[in-house]
Amino acid sequence: MEWIKCKNEQLDLVSDMYSRVVKHLEETINYPKWSKEYPCRESVREAIRKGEQYACIENGQVVGAVVLNHNPDGNYGAGNWSKNLKEGEYLVIHTLAVDPLAGHKGIGGYMVDCCIELALQKGYKAIRLDVVPKNVPAISLYKKKGFIFAGEKDLLRNIEEIPLFELYELNFNN
């Protein structure tokens with residue numbers, strides 16, 4: 001498996017992978033409450049433009065993807081964080097997904113490990129993220145990787161079907 005920072009050449013592959021994920025979620029249990037509106041081709045295009053879209057490649061196919069930046073996209077100040085950090089001092093994980101055609105091979109864990117490695121290399125003091133409260137697969141994955149619960153809060157995103165988000169953090173000793 002290969003971990004890459006995406007370029008425009010990966011736009012179709014990453015967009016198609018997220019489309020398969022959304023279709024699968026709609027047909028099963030839509031834990032993160034994603035839709036055709038997000039994540040979508042335009043959100044992937046924007047993340048690539050900003051240098052924030054990463055992907056996991058296996059045999060030339062995108063088997064997973066994630067957006068990494070330092071924008072919490074909401075009121076992270078409400079969190080019960082164990083360290084008082086400013087935006088820019090922590091990395092935020094968004095839209096981490098594994099292709100349903102490639103599931104159950106440890107790809108999600110591998111991508112979280114890559115996020116941790118990148119955060120450490122870039123000198124971040126922590127990684128933070130939010131998940132929909134009943135997103136059992138994501139919560140389980142992050143807890144397994146050492147993330148700790150930092151509260152269930154309204155992030156002021158004004159998403160009617162998701163009034164609260166669970167917050168998680170992984171702090172580093174730097």
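Analyst: Contact here means heavy atoms within 4.5 Å. This is a predicted model, in which local features need pLDDT of at least 70 and side-chain atom pairs count only at pLDDT 80 or more, while totals for chains, interfaces and linings use all residues. Residues are numbered from 1 along each chain as its sequence is written, and side-chain values use heavy atoms, with hydrogens and water left out.

User: Leaving aside neighbours within four places in sequence, which residues is Leu96 in contact with?

Analyst: Leu96 is one of the residues that touch the most other members of the largest nonpolar core, a nonpolar core being a set of buried Ala, Val, Leu, Ile, Met, Phe, Trp, Tyr and Cys residues joined through side-chain atoms within 4.5 Å. Buried means under 20% relative accessible area, exposed over 50%, and partly exposed in between, with a 1.4 Å probe and protein chains only. Once neighbours within four places in sequence are set aside, the contacts of Leu96 are Trp34, Ala65, Val66, Met111, Val112, Leu141 and Tyr142.

User: Within what arc do the buried residues of helix 1 fall?

Analyst: The buried residues of helix 1 are Leu11, Val14, Ser15, Met17, Tyr18, Val21, Val22 and Leu25, and what covers them includes helix 2 (41-49), strand 2, strand 3 and strand 4. The arc is taken from the directions from the helix axis to the C-beta atoms. Seen down the axis of helix 1, these residues line one face of the helix, because they fall within an arc of 160 degrees.

User: At about what angle does helix 1 run to strand 3?

Analyst: Axes are lines fitted to C-alpha atoms, for helices over the stretch in contact, and angles run from 0 to 180 degrees between N-to-C directions. Helix 1 lies across strand 2, strand 3 and strand 4, and its angle to strand 3 is about 95 degrees.

User: Which strands stand at the edges of the sheet?

Analyst: Two strands pair if DSSP finds at least two bridges between them. The open sheet has seven strands in the order 1-2-3-4-5-7-6, with mixed pairing. One side of each edge strand is left without a neighbour in the sheet, because each has a single partner strand, and these are strand 1 and strand 6.

User: Which residue stands opposite Ile127 in strand 7?

Analyst: Strand 5 and strand 7 pair in the antiparallel sense over six bridges, and six of the seven residues of strand 7 are buried. Along strand 7, Leu129 stands opposite Tyr168, whereas the residue opposite Ile127 is Leu170.

User: Which residues on the other side of helix 4 are exposed?

Analyst: In helix 4, Ala138, Ile139, Leu141 and Tyr142 are buried. Those buried residues fall within an arc of 165 degrees, so they line one face of the helix, and what covers them includes strand 4, helix 3, strand 5 and strand 7. On the other side of helix 4, the exposed residues are Val136 and Lys144.

Methods
Helix = DSSP H or I, 4+ residues; strand = E, 2+ residues; numbered from the N terminus.
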